[in-house]
Amino acid sequence: AVKQAYSEFLIKKIRGGGVVLVLFEIRILESVLYSLVNFLPYFFLALYPFTGNFRFSKRTNAALFALLILWEIAVSVWASVFSTHNAPVSFMNTLWFAAVFFLAVKEHPGKQLFVLLMISNFANQTVFAAKCLEGFLFPALALESNRWSFSVSTIIVQLLFIPWFFWFEKKHFKEAITLQTQERIWRFLWLIPGIFYLFWFYLAYLNPLSGIQLALNPVYTAFAIFINSGALLIYYVVAKAVESFALNTTLQKQNDLLAVQNLQYEHLKYRMDEARQARHDLRQHMTVLQTFCENKEYGQLSAYLQDCLKSLPTNSSITYCDHFALNALLVYYDQIARERKIDLHIRTCIPQDIPVSDTDLTVLFGNLLENACDGCTTVPEDMRSIQLWAETPNQGTLVLSMDNTFSGAIQMKEGQYMSSKHEGTGMGIQSVQSIVNHYNGTVRFTSKGNIFSVSIVLYFQQNR
């Protein structure tokens, strides 16, 4: 029935407009179907790891993505009907898709490029497998490009491969992409899928045999699927390595937090023992004082009182803010500053219930104070100074500024501060930048003469 209806439709079109017009319209419809089948599934697979991290509103993103889809359809129709060279068209289309993707997604460029190349490689595998299947199901049409038979074969292959790939992406890769620690490694990780992308590009466009001829050969198709399976295994290893590194970083942060809390605990315990001993000795002191008073030995009474005052514990328990973990950290660096002869001035007003994790808060302040103390040691003792100010002006904002003296020498490369302790960029500043990005904040590093300044604003929700 479908064949008969379709034949009657063609006969009417031929009588009304001629064979050429009918073939032209069919070619356009085939191209539209091909572009949708070979674009939409991979488009959503590329966006999925970055869900909730788009740069624009839902309406703006929808309009942008709609324009991208229309562009994909238009280029596909033009390439199928008017062009005989598909490689430049495919490359131009890829560049346009990447430009829109980078514009819409707010994430580290290395992560975006890694995902785009990974999805592109998977799409190439699907194309090869679909063309091979077309050769078995529709051998008369398989040597032509972008026919309806190829779209049907592609849908069959996608139903087999895409659910499995989506499971792989969701279970093993999405978490690694969303991690905000050590993002600098993504500047190089994208080269892994990039190498496989060059393999596919050579196989499809630069090989002496055409891509269609290669795909129609089951041996080449099986080999291509084998190569892509190896690539997925490497992607899995990369994802697990990133997760493991992030876990080690988190554990290190927690160990640092426990260390400063333990220092605060030991300090409080010492003061409590000191006060307990003073109370124990108080009765003996009162007996001696009573004796001096009864004998009217006021000179000795005064001298004894002076000795007692010197032996009493002083109220040296320092409280910089109400946040226990942060206060412990500030007390720790106050001790470090005293040991290094640094004039440290701290003025903070941070509540205990601030919606920032203890780990993020102590890592942020800890890295800044550690770098400041290291910077102060590069100048004479009479010049060493740190000024730290932090407060929460409202329930959704944390404002921090810090000035410290240093030698005035700064090493920078490609806009990033280089470490003075080891080769490469400074890890402390990268950790600070990562936390600021996590809370959608801003950070500014400036230097003037022998003063290095940091200004930070974090934005958060009370129910975070």
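Modeller: At least two residues of the nonpolar patch come from each of α6 (109-137) and α7 (148-178). Here helices (DSSP runs of H or I, at least four residues) and strands (runs of E, at least two) are numbered from the N terminus. Before going on, the ground rules: this is a predicted model, with local features needing pLDDT of at least 70 and side-chain atom pairs counted only at pLDDT 80 or more, while totals for chains, interfaces and linings use all residues. Residues are numbered from 1 along each chain as its sequence is written, and side-chain values use heavy atoms, with hydrogens and water left out.

Let's stay with α7, which gives the patch its largest share, four residues. The whole patch is made by L33, F136, L137, W148, V152, I156 and L160, and it covers about 660 Å². To get into a patch, a residue needs over 30% relative accessible area and no salt bridge; nonpolar side chains (Val, Leu, Ile, Met, Phe, Trp, Tyr) are joined within 5 Å, like charges within 9 Å. The areas themselves come from the Shrake-Rupley method with a 1.4 Å probe, and for residues only the protein chains shown count as cover.

V152 is one of the patch members and sits in α7. Its relative accessibility is 33%, so V152 counts as partly exposed. On this scale, buried is under 20% relative accessible area, exposed is over 50%, and partly exposed is in between (1.4 Å probe, protein chains only).

Now look at S151, also in α7. S151 has 0% relative accessibility and therefore counts as buried. Setting aside residues up to four places away in sequence, S151 touches E30, L33, Y34 and V37, where contact means heavy atoms within 4.5 Å. L33 turns up in the patch as well.

At 8% relative accessible area, Q158 is buried. Its side chain makes a polar contact of 3.1 Å with the side chain of Y42. That term stands for a pair of N or O atoms within 3.5 Å; within protein, one must be able to donate a hydrogen and the other to accept it, and residues adjacent in sequence count only if both atoms are side-chain atoms. Again leaving out residues up to four places away in sequence, Q158 touches V37, P41, Y42, T126 and P163.

Side chains of opposite charge can pair when their charged atoms come close. E134 and K131 do so as a salt bridge, 2.7 Å from N to O, the rule being a side-chain nitrogen of Lys or Arg within 4 Å of a carboxyl oxygen of Asp or Glu. They lie three residues apart in α6, so about one helical turn separates them. Both ends are covered: E134 is buried at 0% relative accessible area, and K131 is buried at 6%. K111 pairs with E107, with the closest N and O atoms 3.7 Å apart. K111 is buried at 0%, and so is E107 at 14%.

By this rule there are five salt bridges. Another one joins R338 and D334 at 2.8 Å; they are four residues apart in α13 (residues 324-339), which means about one helical turn between them. Here R338 is exposed at 57%, whereas D334 is buried at 7%.

As for the rest of the chain, the largest nonpolar core has 41 residues, and F365, I386 and I456 have the most contacts inside it. At least two residues each come from α13, β1 (343-349), α14 (358-376), β2 (385-394), β3 (397-405), α15 (427-438) and β7 (451-459). The biggest contributor is α14, with nine residues. Such a core is a set of buried Ala, Val, Leu, Ile, Met, Phe, Trp, Tyr and Cys residues joined through side-chain atoms within 4.5 Å. Beyond its neighbours within four places in sequence, F365 contacts L326, L329, L388, A390 and L400. Another core lies apart from that one, with 38 residues, among them L45, F50, F168 and A231.

Overall, the chain has 15 helices and seven strands, and 40% of its 464 residues count as buried. Of the contacts between residues at least 6 apart in sequence, 72% join residues at least 24 apart. The chain exposes about 26,200 Å², with 62% of that supplied by carbon and sulfur atoms.
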